[in-house]
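Biologist: Could you walk me through this model, starting with what you mean by your terms?

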Amino acid sequence: MLKDKALNICLLLFGLFPLIPGKLKGLPVIILIITSFLFFLKKKKKRFDVIGFCIFSSLYIISFLSIFYTSSYYFPWDKIETTLSLFIIPLSFFLIGEIDFIKIDRAIFHRTFIYSTGILTLLCLIYYAQNNLFDNFPFKVNSFRALITKIPFVNDHPIYVSLFLGIALLLCIDFYKGSSRTEKRFIFFAGILNLVHMFLLSSKGVIIGFTLAIIVYVLVANKSFMARILVSFTIVLFVIGSILLFPNLERRFREFVKKTTYTELRMQNSSSIRLAIFKCTIEKIKEKPLFGYGWGKGNIILKECYKTRSEQLLSLGSNSHNQFLGYYLDGGIFAFGVLVFFLIYLFKHAIANKDNMFLAILVLFVFILNIENILVRQSGVILFIFIMLFYRFTKKNAKDNLINQ
């Protein structure tokens, strides 16, 4: 049917998201909203789940409302535009309606995302080699992290590229089981490349979040207690071994156990910088714990604290580097509560439907939300809200969807 083909094209575009250049990241969102309006206009019975839409667009709505209930009346137009996907993508899904996702096979998105991320890794590895980053061992991790932002068409922050890789690796584990022998080889090859690339980029938060996500997946997917323990223990040993194999990655993780990380502000120590940012954020939250400062004002307020800590910290002008604290800073306890409720709602849905992959992806995202404001850049916000809606509206496979209707 034409409807199915149109939806499949939308899923393909979101599957290609890692390969889409930064300036065109919004293209899949535009195609999706156009498709959704066409779906809605052709429906004989035009039903729209207002409550469901309000729940899934709440992250955008509460941020916008904070402009008024905090009396800031400051309109951060860049944020309003960049995060508009938090409103448009839920609107698109609810215009289409859950009934039209009955036959949608998750494999379409899974396969495309795995392959596109594999291609992204290949292109990056070639570019690294051309720039002589593999000539000396141990590798200089910061060189890979710096170069990823300059690669043509990629030029994204290493944490977002690492997030693509982490999600693709989780999908590889789930998608591998039902694939043909030939496709399993491609998936295995793409998985190995993506894993190596993730370690080269050395985003500590993604590596830890990915490890936790796999362990959660193993714990809920295996019925045998011994299997759970052995596999989880093997995963932890593998990750620790991989960290030790990459000396500069080991250096980044070593920051966690250094006393100076927690007692001094060291600009060459990313963990020390984050800790200083967290302290400033909490300090400012305590000054306005109920309503916050208003959407976009939080970052401005943080700079006042940075002035008292370090000129170098001020020059960075960093946001809160924690999405929960970021929402609290801008919208107070109301915005913070909405974000927590939003995630709890999704966790309950994943657990109730025994959707192990969705649960694992949620664990990864929640951990990243604790160390990065991923809902302020298109690379993070579009992928996050799309995946949340995609797994909420679809089930583990098309056959399950049909049976449960």
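Modeller: Happy to! Helices (H or I, at least four residues) and strands (E, at least two) are DSSP runs, numbered from the N terminus. This is a predicted model, where local features need pLDDT of at least 70, side-chain atom pairs count only at pLDDT 80 or more, and totals for chains, interfaces and linings use all residues. Residues are numbered from 1 along each chain as its sequence is written, and side-chain values use heavy atoms, leaving out hydrogens and water.

Biologist: Which helix gives the largest share of the lining of the largest cavity?

Modeller: Helix H4 (58-69), helix H16 (297-309) and helix H18 (323-352) each supply at least two lining residues of the largest cavity. The largest share, seven residues, comes from H18.

Biologist: How far apart in sequence are the parts that Arg-111 and Glu-183 tie together?

Modeller: These two side chains meet in a salt bridge at 2.6 Å, N to O; the term means a side-chain nitrogen of Lys or Arg within 4 Å of a carboxyl oxygen of Asp or Glu. Arg-111 lies in helix H7 and Glu-183 in helix H10, so the pair ties together parts that are 72 residues apart in sequence.
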